[in-house]
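Got your viewer open and a selection tool at hand? Let's take a walk through this one, stop by stop.

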Amino acid sequence: MSLWAMEESSFYHCCHLLLQQSNQLKDGWSWEGSKEGYLKKTSFRSVIIDSRPLFDLERSCSEMGHHTSSPSVPDQWLDEKEQSAIADGHSLNGDMNDEDDLVYTVSETRSELLQYEYHILYSCSYSTPVLFFRAFTQAGRSLSLEDVWSSVHQNFRLRLQDSPLNVISLQEHPLLGQPFFMLHPCRTDEFMRPVLQAALDQHRSMNYLLSWLSLVGPVVGLDVPLEYYTQHCLAASLSSIKPD
Amino acid sequence: MSDNVESPTEALREESKPQSEDSATNEEKKKIDVLLKAVGDTPIMKTKKWAVDRGRTVQSLSQFISKFLKLDASDQLFIYVNQSFAPSPDQDVGVLFDCFGSDGKLVLHYCKSQAWG
């Protein structure tokens, strides 16, 4: 097992600690299932579904110094965007830009109030937590995968560009057997490594799950209140006070 | 609540000069001191200490660092507080300073990673 991975028993212990804090902070997490279960949280989120093709985003970021070669957005995805735009009655904006090869862009952002349901499970294959989620509109329609990609926080959208399926895809929930969106865990150890290394170097405890959640949650609209970490800092500093 | 991409020409002022003689507090100035530290093999910024508007978001700061370091679009930049968690991209750095600053500055570690897929 990688040094930066997480044992299953450790996962359940971290879940327990997170639940304690969540109850104190009234943050809404609950435990579902019995011994082998998962953490669950439901929340409402006002989302801007940005259906602009991702290469539009890249162009607007070009002045930030990013590489601006033609992006490889799958053709099929573009066709679906066009179809849904027509179906919604939106006109195609004819942004004719002589400098690039684009014939048209579909410029459409819309705001929706969505109900999100987040599940945190343990992945035996990767020895890490995994985030599953699903989202519904107020009318009860579940979000499509394309809409989910379109609602990813802008901070992370450029990374989706090359292979969105490698980031978020539709999977069968391991315990419920229902379709859920999943945030792929295969590189969890990469962004967890700095946190774990620091904890090791500084001989302090940490909640792997809480740190992990802070890194992956914001991608899909799950922000972790700072109080989780201020509480943790306070507890850590109190425990390090030596008696006279 | 999503943070608009700010123009890159809106500069983070570099704190290269010593503090001026006026005794205005950071709060009055509405800027906080941020110290940026690289993690792993992420490039190190030549200037590490910055005076940053309190209202600037983490995402905005992240974009600034990415641009400064000329990172590829394929690189995801992660920012860590206390090397123990990542603040939300929409979080104001001023609030982070209030909660986690010490010795008059907020220390942030940053790391580039091919984090997804």
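Predicted model: local features only at pLDDT ≥ 70, side-chain atom pairs only at ≥ 80, totals over all residues.

Residues are numbered from 1 along each chain as its sequence is written, chains are lettered from A in the order in which they are written, and side-chain values use heavy atoms, leaving out hydrogens and water.

**Stop 1: the core.** Select A:Trp29, A:Ile168, A:Leu209 and A:Trp212, which touch the most other members of the largest nonpolar core, a set of 77 residues. Such a core joins buried (under 20% relative accessible area, 1.4 Å probe, protein chains only) Ala, Val, Leu, Ile, Met, Phe, Trp, Tyr and Cys residues through side-chain atoms within 4.5 Å. Now colour helix 7 (residues 208-216) of chain A, which gives the most to this core, with 7 residues; helices here are DSSP runs of H or I, at least four residues, numbered from the N terminus.

**Stop 2: A:Trp29.** Zoom in, and among the residues in contact with A:Trp29 you'll find A:Leu18, A:Tyr118, A:Leu213 and A:Tyr228 (contact is heavy atoms within 4.5 Å).

**Stop 3: the interface.** Show both chains: 35 residues of chain A are in contact with 37 residues of chain B. How many salt bridges are there between chain A and chain B? The count is 0, taking a side-chain nitrogen of Lys or Arg within 4 Å of a carboxyl oxygen of Asp or Glu. On chain A, helix 5 (154-160), helix 6 (188-201), helix 7 and helix 8 (227-239) each supply at least two residues of the side that touches chain B.

Terms used:
Buried < 20%, exposed > 50% of the residue type's maximum accessible area, 1.4 Å probe, protein only. Lists of a residue's contacts leave out its neighbours within four places in sequence.
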